[in-house]
Amino acid sequence: MCRVQTSQQVDEWIAAIKREMGGLHQKGVFTKIRRTPGMRTIPTRFVFKIKTNQHWNVTKYKVRLVAKGYFQQKGTDFTESYAPTSSAVAIRAAIAIATAYDLEIEHLDVTQAFLNAEIDRELLVDPPDCDDEGPSSKDFVYKLNYALYGLIQAPML
């Protein structure tokens, strides 16, 4: 059962799920294929977040489809992992340069950023519990064409 069905804001969450899945379909992140016996798949789940403004008023209901990467097996699903981080020294240096040259610093957010990286091997994921395909949703899986949040190798692709 999908968690949002017990929420008071069920309509907002269902709309957010449809936006997320629509974006994934539009970008061609995965291809729906029929499940066969013995297929190794990675489970998925939705992560729900309520975005608010500075006055704590709800501005957006955000849903992200995430692979449960801890089910991946090294050597089969990935060979190496990488987590990009920036050091405090690098951030301070960038701010110092911007200050010295009187530059403005802007924040950039790439929508569904991980979904732009192509996968280097075949990975299959289960459809999420809240998929609106109905009872037949367990008859198919998604073959990933692009990285999905939660995959161990996603940051380095």
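These questions and answers look at a predicted model and the terms used for it.

Author: Local features need pLDDT of at least 70, and side-chain atom pairs count only at pLDDT 80 or more, while totals for chains, interfaces and linings use all residues. Residues are numbered from 1 along each chain as its sequence is written, and side-chain values use heavy atoms, with hydrogens and water left out.

Reader: Why is Ile-95 called partly exposed?

Author: Buried means under 20% relative accessible area and exposed means over 50%, with partly exposed in between (1.4 Å probe, protein chains only). Ile-95 has 43% relative accessibility, so Ile-95 counts as partly exposed. Ile-95 lies in helix H2 (residues 88–100). Helices (H or I, at least four residues) and strands (E, at least two) are DSSP runs, numbered from the N terminus.

Reader: Which residues touch the most other members of the largest nonpolar core?

Author: Such a core joins buried Ala, Val, Leu, Ile, Met, Phe, Trp, Tyr and Cys residues through side-chain atoms within 4.5 Å. This one has 22 residues, and among those touching the most other members are Met-21, Phe-30 and Leu-144. Helix H1 (10–27), strand E3 (58–67) and strand E5 (140–144) each give two or more residues. H1 gives the most, with five.

Reader: What makes E1 and E5 a pair?

Author: Two strands pair if DSSP finds at least two bridges between them. E1 and E5 have five bridges, in the antiparallel sense. Ile-33 stands opposite Val-141 in E5.

Reader: What makes E1 and E4 edge strands?

Author: The open sheet runs in the order E1-E5-E4. Strand E1 (30–34) and strand E4 (124–125) each pair on one side only.
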